[in-house]
Amino acid sequence: MTGAWRRWDLRQRANDRRRWNGGVDREGARRLDPRYACAVVVVIAVAAALRLWGDGSGLPWAYNVDEAQHFVPFAIGMLHGNLDPSGYFANPPAYTYVLAGVFKLGFGSRALHIYRSGDSTQIWVAARVTSAVLGTLAVWLLYLAGARLFDRRTGLIACAVMAVAFLPVFYGKLALNDSPMLAPACLSLWGSAGIARFGRKRDFAVAGLGLGLAAATKYTGGVVVAPLLAAAFSSAAEPGRRRFVALWLALAGLFALAA
C-alpha cells in the first residue's frame, strides 16, 4: 500500500510540474487578471490605512515600554558613525539599521536634536510609518505566496485576513520589529512555494534570503525555515533531484547566513 501511494504521489508531482512549467497553463498562471489585481490593490490600501491610522497616538510620549526602550534610541545612536548596536542583541539589529537609514535620509544631523527635544513626534512617526509600510508589504508578499502555492483566490483570501487581523495591525502601528519581520518572512514563504511548485535555483535563493532577513529582524522569524525544509524535502523526493536539492538547500542556508 505504501509503495502504491508513493508511485501515485510521484506521478502527481510530475503532472503538476508539467502543468506549471509548460505552455498555456504556465502563461495563464502568469497573465495579469484585472479582477484580482484590483482586489489586491484594495486589500493593500485597506491594510495601509489601518496601520497608518493613529500613527501619532500618545506622542511625543511612547507609552509602550518596548517601543520606548528598543529600536529607535539605538538607531539614533548609530547616526554618529557607530553601526555597532553597542552590545545590544536582545533583538536582532535589522530594523534598527532600517530606522537609522530612514532618520539619516529624513532628518540628517538634526535627528539627535529632535529626539532629545521636548517634542520628538517627527522621529516616532517616521519609525511607526516605516513599521506600517513594511507590514503592508507583507500583505502583498503573502498574496504572492498563496497564489504561487495554490491559486490567486487562495492568495487573496490569505492577504485579506492578514490585512485586518488584530496583531499584524496593532503592531504595524508601533516602532517595533514584529510588523517589519512579516515582510521577509512572507518573502521566504514565496520562495518556498516556488521550491514546492517549480524547484528552481532562484526559488531556493529567495527562500534563503527571506529566512535570513526575517531572523535578522526578529529571532522568531527564523520559523520560516520549516516550510523551506518541507518544500525542499518534497522536491527531493522526485526522481533524480536529490543531489540538486541538497546543493541548493545548502546554498539557501548560505544566503540566509549572509542576510
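Which side chain does Lys218 meet in a salt bridge? Hold that thought while the whole model comes up.

**Start with everything shown**

This is a predicted model, in which local features need pLDDT of at least 70, side-chain atom pairs count only at pLDDT 80 or more, and totals for chains, interfaces and linings use all residues. Residues are numbered from 1 along each chain as its sequence is written, and side-chain values use heavy atoms, with hydrogens and water left out.

Colour by secondary structure. The protein has 14 helices and zero strands. Helices here are DSSP runs of H or I with at least four residues, strands are runs of E with at least two, and numbering goes from the N terminus. Read from that end, the elements run α-α-α-α-α-α-α-α-α-α-α-α-α-α.

Now colour by accessibility. Of the 259 residues, 41% are buried. Buried means under 20% relative accessible area, exposed means over 50%, and partly exposed lies in between (1.4 Å probe, protein chains only). Contacts, meaning heavy atoms within 4.5 Å, are next. Among those with a separation of 6 or more, 73% are between residues 24 or more positions apart.

**Select Lys218 and Asp178**

Here is the opening pair. The side chain of Lys218 meets that of Asp178 in a salt bridge, at 3.3 Å from N to O. Lys218 sits in the loop between helix H12 (201-217) and helix H13 (225-236), while Asp178 belongs to helix H11 (residues 178-197), 40 residues apart. Lys218 counts as partly exposed, at 21% relative accessibility. A salt bridge requires a side-chain nitrogen of Lys or Arg within 4 Å of a carboxyl oxygen of Asp or Glu. The structure holds five of them.

**Select H11 and H12**

Axes are lines fitted to C-alpha atoms, for helices over the stretch in contact, and angles run from 0 to 180 degrees between N-to-C directions. The cut-offs: under 35 degrees is roughly parallel, over 145 roughly antiparallel, 65 to 115 roughly perpendicular, and the rest oblique. H11 passes H12 in a left-handed crossing. Left-handed means that the near helix is turned anticlockwise from the far one by less than a right angle; clockwise would be right-handed.

Show side chains at the contact. From H11, pick residues including Met181, Leu187, Trp190 and Ile195; from H12, include Phe204, Val206, Leu211 and Leu213. By class, the contact of H11 with H12 has 13 nonpolar, six polar and one charged residues. Ala, Val, Leu, Ile, Met, Phe, Trp, Tyr, Cys and Pro count as nonpolar, Asp, Glu, Lys and Arg as charged, and the others, Gly among them, as polar.

**Centre on Ser192**

Ser192 is in helix H11. Is it buried or exposed? Ser192 is buried, with a relative accessible area of 4%. Leaving out residues up to four places away in sequence, Ser192 touches Ala207, Pro227, Leu228 and Ala231.

H8 packs against H11 at an angle of about 15°, with the axes 7 Å apart. H8 and H11 are therefore roughly parallel to each other. H8 also passes H11 in a left-handed crossing. The contact of H8 with H11 has 17 nonpolar, five polar and two charged residues.

**Follow H8 to Arg128**

Select Arg128 and Glu67. Their side chains meet in a salt bridge, at 2.9 Å from N to O. Arg128 is in helix H8 (residues 121-149) and Glu67 in helix H4 (residues 65-69), 61 residues apart. Both residues are buried.

Next, pick Arg148, Arg200 and Asp203. A network of salt bridges links these three.

**Step back to the H3–H4 loop**

Pro60 lies in the loop between H3 and H4. Look at the bond to Leu59. A cis peptide bond joins Leu59 and Pro60, with omega of about 15°. Most peptide bonds are trans.

**Finish on H3 and H9**

Helix H3 (residues 34-52) and helix H9 (residues 152-164) pack at about 15°, with axes 9 Å apart. H3 and H9 are therefore roughly parallel to each other. The residues in their contact divide into 13 nonpolar, no polar and three charged.

Last stop: Asp33 and Arg35. Their side chains meet in a salt bridge, at 2.8 Å from N to O. Asp33 is buried, at 14% relative accessible area, whereas Arg35 is exposed, at 64%.
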